[in-house]
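Thank you all for making the time this morning. I would like to walk you through one model, so please have the sequence and the structure open as I speak.

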Amino acid sequence: MKKFILMLFVCLLAELVGFSNLSAQTINKTIYNCSAFTIPKAEAASPALFAYRWLENGTEIEDATTTTYTIVKDKAAVTLGIPSQPTAPTDTTKSTPAITATTNALPEYVTIAGKKWATRNVDAYQTFASNAHDYGKFYQWNRTTAYLATGSDPSPAWTETSITDTTWSANPCPPGWSIPSIRDFENLDNAGYYDATVSGVYGKWYGKESGCTLKTCIFLPAVGYRSRNGTLDFQGSLSYYWSSTQLNSTNGFALTFINNYSNYGYDSNKASGCSLRCVK
């Protein structure tokens, strides 16, 4: 079960009149996914005036000024807090010195048909994207270069040369992870799938035929792909995810889907740019 540090800066007003005596109390706690933490009264000054300015990884969250903030984004981990020197509060009502924070963090993997599937696409080399719906980057067969998954310019310069490597000796997945085989994709496909939109991104849930969540299934966004000349095609409607299994010297197998269709045995030219979803 993944854990993260919740850093909560409880800023209180020493005097009800005049904001010059604003001080800060820092409380650091480690909490776990989907658990809740309430600041004990013994750890907070009372009576006190609290100024809440919630931040996500150092950036102030718009309109998040109440005593409770719930993490609803599908991120692996976040750090929440309040600035150590916030602007003076305008609400002079005394508040109860207790703040509750809950998490809905994205797990690192979901186990489907006995295999641990990463919950995010590969982004930069050996790095996962931040969110389940993020496109990540494109990769050619057995190459380590990460190409942009958006825009007409693949960046860096596209390599159009033919690829005849029979296996993936290179591994763009993070350490401990690998590219799934065609059998892995077959088992994933047989576990069930259906169309869905997550955070405004179209794709497919895999793992069940209905009722999926980010903790029970994996979401594959419809990233599209880059053809062997680097052209971006079908983004938002179709996707190709490389397997580690080749069809022949020029083509490799990939999981592809569009609308209500899914095919774990589709093949693509090895010089094409496809997405990666890792297993272990």
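Let me begin with a definition: two strands are said to pair if DSSP finds at least two bridges between them, and the strands themselves (E, at least two residues), like the helices (H or I, at least four residues), are DSSP runs numbered from the N terminus. This is a predicted model, in which local features need pLDDT of at least 70 and side-chain atom pairs count only at pLDDT 80 or more, whereas totals for chains, interfaces and linings use all residues. Residues are numbered from 1 along each chain as its sequence is written, and side-chain values use heavy atoms, with hydrogens and water left out.

With that in place, consider an open sheet of three strands, in the order β12-β13-β14, whose pairing is antiparallel. The edges are taken by β12 (193–198) and β14 (218–221), each of which has a single partner strand, so one side of each is left without a neighbour in the sheet. From one strand to the next the twist averages 35°, where axes are lines fitted to C-alpha atoms, for helices over the stretch in contact, and angles run from 0 to 180 degrees between N-to-C directions.

Within this sheet, β12 and β13 (residues 201–206) are joined in the antiparallel sense by six bridges. Tyr 193 stands opposite Tyr 206 in β13, and Tyr 194 has Trp 205 of β13 as its bridge partner. As a reminder, side chains in a regular strand alternate between the two faces of the sheet. The hairpin of β12 and β13 has two residues between the strands, and in it Ser 199 takes a positive phi near 50°.

Let me turn to another open sheet, which again has three strands, with the order β17-β18-β19 and antiparallel pairing. Here β17 and β19 are the edge strands, each pairing on one side only, and neighbouring strands are turned by 30° against each other on average, with direction ignored. Strand β17 (residues 238–246) runs antiparallel to β18 and is joined to it by six bridges, with Leu 238 standing opposite Ile 258 and Tyr 240 opposite Thr 256. These two strands, β17 and β18, form a hairpin with four residues between them.

On its other pairing, β18 meets strand β19 (residues 261–269) in the antiparallel sense over seven bridges, and Phe 253 has Asp 267 in β19 as its bridge partner. The hairpin of β18 and β19 has two residues between the strands, with Asn 259 taking a positive phi near 50°. How many of the eight residues of β18 (residues 251–258) are buried? Seven of them are, so that the strand is mostly covered, buried meaning under 20% relative accessible area, exposed over 50%, and partly exposed in between, with a 1.4 Å probe and protein chains only. Helix α1 lies across β17, β18 and β19, and runs at about 160° to β19.

Now to the charged pairs. The structure holds four salt bridges, a salt bridge being a side-chain nitrogen of Lys or Arg within 4 Å of a carboxyl oxygen of Asp or Glu. One of them joins Asp 184 to Lys 115, with the closest N and O atoms 3.8 Å apart, and it links distant parts of the chain, since Asp 184 belongs to helix α1 and Lys 115 to strand β11, 69 residues apart. Asp 184 is buried at a relative accessible area of 14%, whereas Lys 115 is partly exposed at 29%.

Another joins Lys 204 to Asp 195, the closest N and O atoms being 2.3 Å apart. Is Lys 204 buried or exposed? With 0% relative accessibility, Lys 204 counts as buried, while Asp 195, at 28%, counts as partly exposed.

Finally, I would like to look at Asn 121, which sits in the loop between β11 (115–118) and α1 (182–190). Asn 121 counts as buried because its relative accessibility is 0%. Its side chain makes a polar contact of 3.2 Å with that of Tyr 241, where a polar contact is a pair of N or O atoms within 3.5 Å; within protein, one must be able to donate a hydrogen and the other to accept it, and residues adjacent in sequence count only if both atoms are side-chain atoms. Leaving aside residues up to four places away in sequence, Asn 121 also touches others, including Phe 128, Tyr 135, Pro 221 and Arg 277, contact meaning heavy atoms within 4.5 Å.
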